[in-house]
Amino acid sequence: MEPQRQNSSYHGDQQSLRLRQVSSPASNQNHPHFNWNPGPEEDEVDGSETQQDLRTLGLPMGLKRAVRQVQQMKIPVVSSSDSWKLKRTKTLRTIKARGREVLSFLTLWKKTLQKIGGNFGGGVKSYFLFLRFLVVLNFFSFLLIGGFVLIPSIVLTSVDTQLVNSTGPEECLEYDPNPQGLVLFYDYLLDLLSGTGFMEYSFLFYGYYSMKDSSYSLPLAYLLTAVFYFAFCLICIIVRMGTAARVTVATGGGAVGNYSSIVFTGWDYGCLGDRATKLKQNNIRYQLQVDLEEERLKQQAAALTASQKLLLYSLRVSMFFVAVGFIAAALYGIFVATEFSQVRSGDEGILGLVFEYLPSIVITAGNFVVPLLCDQIASVEKYPPTVTIILALLRAVVLRLAGLIVLLSTLWSQITCNGQTTSGECQLCQYDHKNYPCWESRIGQEMYKLTLFDLLINMATLVLAEFPRRLLVDSWSNKLTQWVGRQEFVVPANVLGLVYGQTVVWTGTLFCPLLPLINTIKFIVLFYCKKLTLFQNCRPALKTFRSTTSNFFFLLVLLLGLGIATMVMIYSVAQIHPSMACGPFRSLPNIWSIVPNSFYSLSDVTQEFLFFIGSQAFSIPLFTLSCVVMCYIIALASVYGKSVSLLRAQLKAEGKDKQFLVKQYEKLRQQLQMPEQSGGLNTPSGTCFII
């Protein structure tokens, strides 16, 4: 009868909330407490924390306004210095809030992304977020290149500065890309598509830039801008990966943590109107659908017998080798097409244009056919949705990036005469000057054609395949059209298309400086094309996947593409002899030689300082300090990880305790035949459980 007496006394007691807090602080330790009359020191130090606490507490908006009004009315008397500090803190807080509002207003495609997430889930939305990130990255990269290379080159050209003559055999200095005589409009169109003719000797390609006698060292700026461009992209990717990793860690990387995050913090109380509310509801529904699907597959995998597991693993291994065979066949086709294209590159007319685009055509065909075959393999392997997405990404990234490596390796082998630069056609100039008088521009043209062809294929697919399929499915009603149905927006293939396109741009930026600008325009056009086909031609996916894990993996694949492009740049800068007939490095044995030459032209004090930075006296203490800081961060992360694990275990234990108390209360209520409370159950300890 003790619980009944406590329960009756609890309901019979009509004391106020403040008296209950004073008399029973232990039972209300989880309730929010407010400092209604803060002192000057407390307000001075913790004022921003109080504001943040009010924003994060799950209280009705009316109660928050009341607390804020009480705090603002009871302002203590402070000195002039304290008053100035309070005003400064308030002003800085206001400036930060205004800055966030401006940044939110300037955010690209904010409403469009919200609409996509509400109608098609977080997985499809993650693709468009990734695309927006690449648009911004390429735009700022173009500003970097334009500010240090393009604009100075235009200025130096306009003031008619004297060119630095390159030394070498006369055969190596022959290079005239400008067309001679009358040029038809038809030829201009072919030059625009292939990057030859009037396009080859323009600001677009490496061959136009030259070494000029001026105080501004254009060759050094050209190389250092490329280095800083890669460093800038690396920093942006790592920062975004850190944000994605924090979200993954916060949700626990699994369905339980993600479910808790959705239930308790998923709703946006700033949604206004039926449309925004409906979109947010659909978005939450898709996220819960992903969690339920993964939990169902985990239960199915746990229920398999030993013989069924052996059969499943054997099937997965065999399908793995089949997928590897498809990828190897596609890479061999790229190799053969590249060699044939370089042999027939001198042909004119439409046939010559087809031969020039032959590597791009084979690469695009392989990137289209092989992933379709791998998708059929994935349906047999029976992985969870998120694992299927990651596996498809891995296979596609190996195909696309390896295909790009095969293309570049084939070009380099022909430029350097299979690495034998001291014999054959390469003996005179240390590169094949007859077929490649300006080999840097030739590589830039290949990357330009790959970028342009990728955009044309996406637009042609939208017009010639996706719209006709939707019209066919909507107009005819039979078993065939029902089986085909509207297409789904395949996230892995589309993401790998972005990664491949960005890797091509990174690879070709050293030889085609304006490629980031072209890629920015391409990605903007691609965004609207994909948005159009998504809302007009696609249906929501039957099987969605978790976007938190996939966002991190998208960036990891992008980082892999950046690593491949960096290796390409290092090899081109350090190993291959620059073209003697074009470019800002025409008089140097290799591109990197401009760095030591510029270094020795500095003053003695600057040289000594740079030598000291590179010496052991500076590098060893710096390395030691870095190791100490890294060990401290690793230890701190380990402690935080253990704390998080303990808190999760404590939450699970508390959940079990609450379930036990609910069961005990239910048994006791049935024994005493007590009426059931509406809206919840009040336990003897005063904790409310919603049923």
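Predicted model: local features only at pLDDT ≥ 70, side-chain atom pairs only at ≥ 80, totals over all residues.
Residues are numbered from 1 along each chain as its sequence is written, and side-chain values use heavy atoms, with hydrogens and water left out.

**Figure 1. Overall composition of the protein chain.** The secondary structure comprises 22 helices and four strands; helices (H or I, at least four residues) and strands (E, at least two) are DSSP runs, numbered from the N terminus. Of the 691 residues, 37% are buried, where buried means under 20% relative accessible area, exposed over 50%, and partly exposed in between (1.4 Å probe, protein chains only). Among contacts (heavy atoms within 4.5 Å) between residues at least 6 apart in sequence, 76% join residues at least 24 apart.

Figure 2. An unreviewed UniProt entry places the feature "transmembrane region" at several spans, including residues 350–369 and 504–529. UniProt positions are given in the numbering used here, feature names are shortened, and annotations may be inferred rather than shown by experiment. Residues 350–369 are 95% helix and 0% strand, with end C-alpha atoms 26 Å apart.

Figure 3. K522 belongs to helix α18 (residues 515–537) and D454 to helix α15, so the pair ties together parts that are 68 residues apart in sequence. Both K522 and D454 are buried.

Figure 4. In helix α15, E446 and K449 are three residues apart, about one turn of the helix, and their side chains form a salt bridge of 3.3 Å, N to O. E446 counts as buried because its relative accessible area is 3%; K449 is likewise buried, with a relative accessible area of 3%. In helix α22 (residues 616–672), R669 and E666 are three residues apart and are therefore separated by about one helical turn. The side chains of R669 and E666 meet at 2.8 Å, N to O. R669 is buried at 13% relative accessibility, whereas E666, at 24%, is partly exposed.

Figure 5. E440 is found in helix α15 (residues 439–475). This residue is buried yet has no salt bridge, and the nearest side chain of opposite charge, R586, is 9.4 Å away. Lys and Arg count here as positive and Asp and Glu as negative; His and the chain ends are not counted. The side chain of E440 makes a polar contact of 3.5 Å with that of W439. A polar contact is a pair of N or O atoms within 3.5 Å; within protein, one must be able to donate a hydrogen and the other to accept it, and residues adjacent in sequence count only if both atoms are side-chain atoms. Beyond neighbours within four places in sequence, E440 contacts Y206, F511, P578, S579 and C582.

**Figure 6. The surroundings of Q502.** Q502 lies in helix α17 (residues 491–508) and is buried because its relative accessibility is 0%. Not counting residues up to four places away in sequence, Q502 touches L134, N138, Y229, N519, F523 and L558.

Figure 7. Rings of Phe, Tyr and Trp (its six-membered ring) pair if their centres lie within 6.5 Å; planes under 30 degrees apart count as stacked, over 60 as edge-to-face and the rest as tilted. This rule gives 24 aromatic pairs. One of them, Y127 with F128, is edge-to-face, at 5.0 Å centre to centre and 85 degrees between the planes. Y127 and F128 are both buried. One aromatic cluster is formed by Y201, F203, Y206, Y208, Y209, Y222 and F585.

**Figure 8. Positive phi values in two loops.** Most residues other than glycine have a negative phi. W109, which is not a glycine, has a positive phi of about 55 degrees; W109 lies in the loop between α5 (80–106) and α6 (110–158). W109 is buried, with a relative accessible area of 13%. Q430, also a residue other than glycine, has a positive phi near 70 degrees and is found in the loop between α14 (385–415) and α15. At 40% relative accessibility, Q430 counts as partly exposed.

Notes: Salt bridge = Lys/Arg side-chain N within 4 Å of Asp/Glu carboxyl O.
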